[in-house]
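Biologist: I am new to this one. Could you walk me through it?

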Amino acid sequence: MAHAKPRSNPFCFGGPVAGPAFKGRVQELELVLAWVSGGANVVIASPRRYGKTSLLGRAEEELAAADPPAAVVGTNVLLCRDVDTLAGRLAAAT
């Protein structure tokens, strides 16, 4: 009896994903794109490893590919313990 070839897992784990490795999240991506395109600042909050960085990265890819392309500034504020540190991070990201 021949053994079936195991199917590979279409999902990547262990870090942010981009391009074709980004799967699903169509509704969430559409919401982020609509908010940002409308001029809103967007903050994504969820437990660790739920794909926040990948989702925002995909939104940034789509906005950069738009006509006209959008300018996006992103920064990781995880270790910002005060307003001065946050301001410095944001200034460095622009």
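This is a predicted model: local features need pLDDT of at least 70, side-chain atom pairs count only at pLDDT 80 or more; totals for chains, interfaces and linings use all residues.

Modeller: Helix H1 (26-37), H2 and helix H3 (83-93) each supply at least two residues to the lining of the largest pocket.

Biologist: Which helix gives the most to that lining?

Modeller: H2 does, with eight residues.

Biologist: And how much space lies in the largest pocket?

Modeller: About 1700 Å³. Its lining is made up of 43 residues. By class, 25 of the lining residues are nonpolar, 12 are polar and six are charged.

Biologist: Which residues lie nearest the centre of the pocket?

Modeller: Ile44, Lys52, Thr53, Ser54 and Leu56.

Biologist: Take Ser54. Where is its place?

Modeller: Ser54 sits in helix H2, which covers residues 52-65.

Biologist: Is Ser54 buried or exposed?

Modeller: Ser54 counts as buried because its relative accessible area is 9%, and the cut-off for buried is under 20%.

Biologist: What is Ser54 in contact with, leaving aside its neighbours within four places in sequence?

Modeller: Pro16, Val17 and Phe22.

Biologist: New topic. How many salt bridges does the structure hold?

Modeller: One. It joins the side chains of Glu62 and Arg58, at 3.3 Å from N to O.

Biologist: How many residues apart are Glu62 and Arg58?

Modeller: Four, both in helix H2, so about one helical turn separates Glu62 and Arg58.

Key: Residues are numbered from 1 along each chain as its sequence is written. Side-chain values use heavy atoms; hydrogens and water are left out. Buried means under 20% relative accessible area, exposed over 50%, partly exposed in between (1.4 Å probe, protein chains only). Contact means heavy atoms within 4.5 Å. On a 1 Å grid over the protein atoms alone, a cavity is a set of points where a 1.4 Å probe fits but cannot get out, and a pocket is an open set with protein on both sides within 12 Å along at least five of seven lines; lining residues have an atom within 4 Å of a point. Grid points are joined across faces, edges and corners, and a volume is the space filled by probe spheres set on the points. Ala, Val, Leu, Ile, Met, Phe, Trp, Tyr, Cys and Pro count as nonpolar, Asp, Glu, Lys and Arg as charged, and the others, Gly among them, as polar. A salt bridge is a side-chain nitrogen of Lys or Arg within 4 Å of a carboxyl oxygen of Asp or Glu.
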